[in-house]
Amino acid sequence: MSFLTIVLKNLLRRRTRSLLTIAGISIGIAAVVALTSIAWGFEKSWEQAYRARGTDLVVTKITSQSPLPSPFSEKVTADLLKLPRVKEVGGLLTDLISIEDAPTTLVFGWTLDSFLWDHLKLVKGRKPAGDDEKVVVIGTVAADMLRKSIGAKIQIEADEFTVCGVFESAALVENGAVIMSLRQLQRVTDNAEKVNFLNVKLEPGSTPEQIESLRKTIKERFAGFNAFTSAEVAQSNTAIQAAKGMSWATSLIALIVGAVGVTNTMLMSVFERIHEIGILLAIGWRRSRIVRMILYESMALSFLGGLVGVAIGFVAIKVIQTTPMIHGKIEGEISAMLFGLAILIALGLGVFGGLYPAVRGSRLPPTAALRYE
Amino acid sequence: MSAVLIEVRDVQRSFDEGRVQALRGADFTIGEGEFAAVVGPSGCGKSTLLQLLGALDEPSEGEIFFRGKSLLEIRDLCRFRAQTIGFVFQSFHLLPTLTALENVQIPMFEMAWSGAERRRRATELLKSVGLGERLHHVPPKMSGGERQRVAIARSLANEPQLLLADEPTGNLDSANAKRVMEHLQSIHQQRGMTMVVVTHDWNIANFADRVIRMLDGRVISDTRT
C-alpha cells in the first residue's frame, strides 16, 4: 500500500461530496480557460492583422492606445518616409460602426496604393478603383453577417455604398470587417486628411536591432507619437488590456468560489476524521505527514477538477465562438500553455483550499482526538 | 533485576485547570522485558497513566523517563512513539476503510521501509495472530476479536520496545478476551517485549507478572506474581 492509496481511499469514502467539489472546481477552471482563451485570442487576432499586412512598426499617438485611437494628421506619413530603412507607410483610419441590423462592425479606410491591400485575397469582385468611388470590399465573415454579396447596397452612417469585392484575410479580425478607400472613410466619419494608424514597412532584411533603432528615432523626432511592433501594439491596446483584465477578474471570482468549496470540503473531511487523525498521531505519524495527507487529498480533488474544467472550457470556447458577437472576429487561443496554466491554477487552488484544514487537523492533540467520536 | 526501561517519578495529571485530579502522584519503575498490569476501578487514573507512559500526554507535575531520558526532553514525540511504542486500545482504533493488511502497514510509513517490505512484514504479523486468511477484510467485516488481533499486529509493526494496552479486552466476550491475552502473553514470552496492560478485570491482570493497583489517582500496591 502506498501513501497515495490512503489519500485515494479517503476521497472515495464520500464520493458524492468529492464529485460535487470536483464539479465546483471544474466550473471555476472552465471559466478561466474560456475567458482567458477568448482574451488571448482577441490579442492574437489584432497581432495577426498587423503581421498579415507586413507591418514592421505601427505608429500612433502615445495617448492613443485604444483599438481606435484619436485621429491625427496624415502629413506625418511624408516625414516618416524620410527616415532610413522606411520603405512604405500606409495610413489608415479605423472606426467601429453599426451597419444596418448587424452588430458593431470594424470599418477600415486604406489608401488605395498602400501595401495594406497586398495580403487580401479577393474571393469575388475587385478592390476600389478610385478615391471617389463609393464602394467597399467586405470580408467573408462580414459578408455572411451582413448577408451581402457583389453589387449589394450597404448603408454606412448616412451614405450608401456598393459592395465591389469579397475578400479573405489571414487575420481573423479583418474577415469580419468592411474596407473602403481612406478618403471615403475620412468623409463618412468627418475626419478629413486624418488617420489613426500609420503602418510602416521597412526595407527587406531589416534586423530587430534596426527596427528597435528606428523606433527610438521615431519617439525622439515625433513628439507625442510612439511606435510599436505588431505584438506590442496588441499588448498595449487598452481594449485588449481591459478584455484581459475582465477575464482575469471574472476568473478570479470563479476561483475564489472554487477555493471556498475545497476549503469547506476539506474542513468537513477533517472534522469527520478527527478520531482517525488522533489514531494516526497516536501510532506515530508525524504532524507533517498528516498535513501532507490532507493536502494531497485537496490537490487530487483540484487536479481532477482542473482536468474536467479544461474539457468544459474547451467546449465553452467552441460554443462562445459561434455567438454572433464573436463569430469570425475572435478565435479563442487554445494551447498547451493555457491548459497547463489551468491545471497549475487548479493545483494552486488545492493547496490554498487544503492548507488551513491540513494545519488544523495536524495540530489536534492526540488524546483529545482519540476521545472524539 | 532487569535494567529500568521506564521510571515514573512523582507524576501528577490534572485537568480543567486543576479542578479534576486524574493522577495524584505515581512513583514506580518498569524494567526491560516486564509484563505489568495496572488494575483499578473506572476513573482511578489508569488510562491517564497509560497515555502519559505512551507520550500521548504530558504530566502536570513530575517526570517520566525512558531509558533514563525524560520524555520532556524528546523533541519529536511522534517519531518516538512510532519507533518505540506500540498501542492496543479498547476500541481497536482501526481505520475502517483500510483492510487489515493496510491497517497494519500504517505505522510503518514512519520507517524507511519499501512498500514491498511493509507488505511482507504486515502479512507476517497478521499470520502470527491467526489472521492469515483475513488480510484483505476491512474492520467492519470482522469480529471484535479479529479486530483486536489486527490492532495487536499493528502495535508490533515497527518492532517497538514497549507495548501499551488500554483495556484490550474491554469490548470482547470472555472467549475472545482470553485469546487476545494469550496472544499478548505469547508475544511477551517470544520477543521479551516490555508490556503494560491497563485493566479493571483481575482475570486479565493475572496474565501479567506484576500487578500495580490504583485507586483515586494513586498507586496503592505493587506486587509481583
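Just after helix 1 of chain B, B:Ala55 takes a positive phi of about 60 degrees. Helices here are DSSP runs of H or I with at least four residues, strands are runs of E with at least two, and both are numbered from the N terminus. Most residues other than glycine have a negative phi. This is a predicted model, in which local features need pLDDT of at least 70 and side-chain atom pairs count only at pLDDT 80 or more, while totals for chains, interfaces and linings use all residues. Residues are numbered from 1 along each chain as its sequence is written, chains are lettered from A and ligands numbered from 1 in the order in which they are written, and side-chain values use heavy atoms, with hydrogens and water left out.

Helix 1 of chain B spans residues 46-53 and is mostly covered, with 7 of its 8 residues buried. Buried means under 20% relative accessible area, exposed means over 50%, and partly exposed lies in between (1.4 Å probe, protein chains only). The buried residues of helix 1 include B:Leu49, B:Leu50, B:Leu52 and B:Leu53, and B:Lys46, B:Thr48 and B:Gln51 are buried too.

For B:Asp10, in strand 1 (residues 4-15), phi is near 45 degrees. B:Asp10 counts as partly exposed because its relative accessibility is 39%. B:Asp16 has a phi of about 55 degrees and sits in the loop between strand 1 and strand 2 (20-31). With a relative accessible area of 47%, B:Asp16 is partly exposed.

Now turn to where the two chains meet. Chain B gives 25 residues to the contact and chain A gives 22, where contact means heavy atoms within 4.5 Å. Together the chains bury about 2,300 Å², 62% of it on carbon and sulfur atoms. Buried area is the accessible area (1.4 Å probe) that two parts lose on being put together, summed over both. Of the area that chain B buries against chain A, 25% is supplied by B:His93, B:Phe109 and B:Glu110, more than by any other three residues.

Which residues does B:Glu110 touch, not counting those up to four places away in sequence? They are A:Gly284, A:Trp285, A:Arg286, A:Arg289 and B:Ala82. B:Glu110 lies in the loop between helix 3 and helix 4 (115-128) of chain B, and because its relative accessible area is 9%, B:Glu110 is buried. Its side chain makes a polar contact of 2.5 Å with that of A:Arg289. A polar contact is a pair of N or O atoms within 3.5 Å; within protein, one must be able to donate a hydrogen and the other to accept it, and residues adjacent in sequence count only if both atoms are side-chain atoms.

Across the interface, the rule finds 3 salt bridges, each a side-chain nitrogen of Lys or Arg within 4 Å of a carboxyl oxygen of Asp or Glu. B:Glu102 forms a salt bridge with A:Lys9, and their closest N and O atoms are 2.8 Å apart. On the side of chain B that touches chain A, the elements giving two or more residues are helix 2 (77-84) and helix 3 (100-105). The largest share, 4 residues, comes from helix 2.
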